[in-house]
Amino acid sequence: MDIAICEDIEKDANQLRLLVERYFDEINCEVNIFVYNNGDDFLKDLTANKPGDVKIAFFDIYMPGTNGIETAKKIRETNNDMVIIFTTGSTAHSLDGYSVYALQYLIKPVEYHEVKKVLEICNEKFTSSLRYIEVLSDRLMMKVLLKDITFIEVISEYTYIHTSAETIKTFMRLHEFEKQLEGGAFLRTQRSFIVNMNYIKRMSADSFILSNDKEIPIRRSDKKAIKQTYKDYMFMVTTQE
């Protein structure tokens, strides 16, 4: 895991680095930490692809040159996946964090339990993004990342996996998919459909509308329970953010 820390106060930077290293030592996971004392040097290295594949970045809001908020805004122009966490002595800029999808604000002096909590959320996010299933399609075994699946549907004797880039046809039954997708973002909405709740844009009276405007029907007999499952999932996601 590659992580960047942008902090102009050396003592705070060293303390945060020790806390991050402590967490990854506890979970037996390698971590590469790149420390910068300003946002401009970090942005320069990012442009040159020097710091590696940075997944998480901690930004002090008050830094000389390009401050933490402006650094994050520049990153968001080309990168929506990097997790951004602000460290600050004040929450005065908390609303600015929404514009760059900041995961959290950590108030200085930063405590280990706060760093651990936010890194656990990050760890789950990146572990989930690497999960995949294997399916047989046209006599070839294919790996399909779960995060790319928008919905799965059965038509006649075939099951179709719809992703953001393609549609994969397989003979695997829907109940087999359910077993592999347990504990994630997937919801069986009807006898012939499983939907990835991360792609749901809104609910109508009898269906879910996806971000691509595809309409997924909801089973009438369990409509209330299915909708509640989706609401509970969205509440969990929102509170984690």
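I began with strand 8, which is joined to strand 9 (residues 158-163) by 6 bridges, the two running antiparallel. I note here that the model is predicted. I looked for a facing pair and found Ile155 opposite Tyr158 in strand 9.

**Entry: strand 12 and its partners**

I followed strand 12 next. Strand 8 (residues 149-155) pairs with strand 12 in the antiparallel sense, over 3 bridges. Phe151 has Val195 of strand 12 as its bridge partner.

Strand 11 (residues 186-190) also pairs with strand 12 in the antiparallel sense, here over 4 bridges. Gln190 stands opposite Phe193 of strand 12. How many residues lie between strand 11 and strand 12? I found 2, and the two strands form a hairpin.

I then looked at where the side chains of strand 12 (residues 193-196) go. Phe193 and Val195 point one way, while Ile194 and Asn196 point the other way. Are these residues buried or exposed? All are buried.

I picked one pair to inspect. Strand 1 (residues 2-6) and strand 2 run parallel and are joined by 5 bridges. Cys6 has Tyr36 in strand 2 as its bridge partner.

**Entry: helix 1**

I tested the length of helix 1 (residues 10-26). At 1.5 Å a residue, its 17 residues should span 24 Å, and the end C-alpha atoms are 24 Å apart, which agrees.

Which residues of helix 1 are buried? I listed Ala13, Leu16, Leu19, Val20, Tyr23 and Phe24. They lie on the same side of helix 1, because they cover an arc of only 130° around the axis. I linked this to a general rule: an α-helix has 3.6 residues a turn, so residues three or four places apart point the same way. On the other side of helix 1, I found Glu10, Lys11, Leu18 and Asp25 exposed. Asn28 follows helix 1 and has a positive phi, near 55°.

**Entry: helix 2**

I ran the burial check again on helix 2 (residues 39-47). Gly39, Phe42, Leu43 and Asp45 are buried. Their arc around the axis is only 165°, which puts them on the same side of helix 2. Lys44 and Thr47 are exposed, on the face turned away from the buried side.

What do the buried residues of helix 2 pack against? I found strand 1, strand 2, strand 3 (54-60) and helix 3 (68-76).

Last, I looked at the ends of helix 2. Asn38 caps the N-terminal end, with a side-chain oxygen 3.1 Å from the backbone nitrogen of Asp40. Just after helix 2, Asn49 has a positive phi of about 60°.

How values were computed:
Residues numbered from 1 in each chain as written. Predicted model: local features only at pLDDT ≥ 70, side-chain atom pairs only at ≥ 80, totals over all residues. Heavy atoms only, no water. Expected span 1.5 Å × (residues − 1). Buried < 20%, exposed > 50% of the residue type's maximum accessible area, 1.4 Å probe, protein only. Arc of directions from axis to C-beta. Pairing = 2+ DSSP bridges. Contact = heavy atoms within 4.5 Å. Polar contact = N/O pair within 3.5 Å; in protein donor to acceptor, adjacent residues only side chain to side chain.
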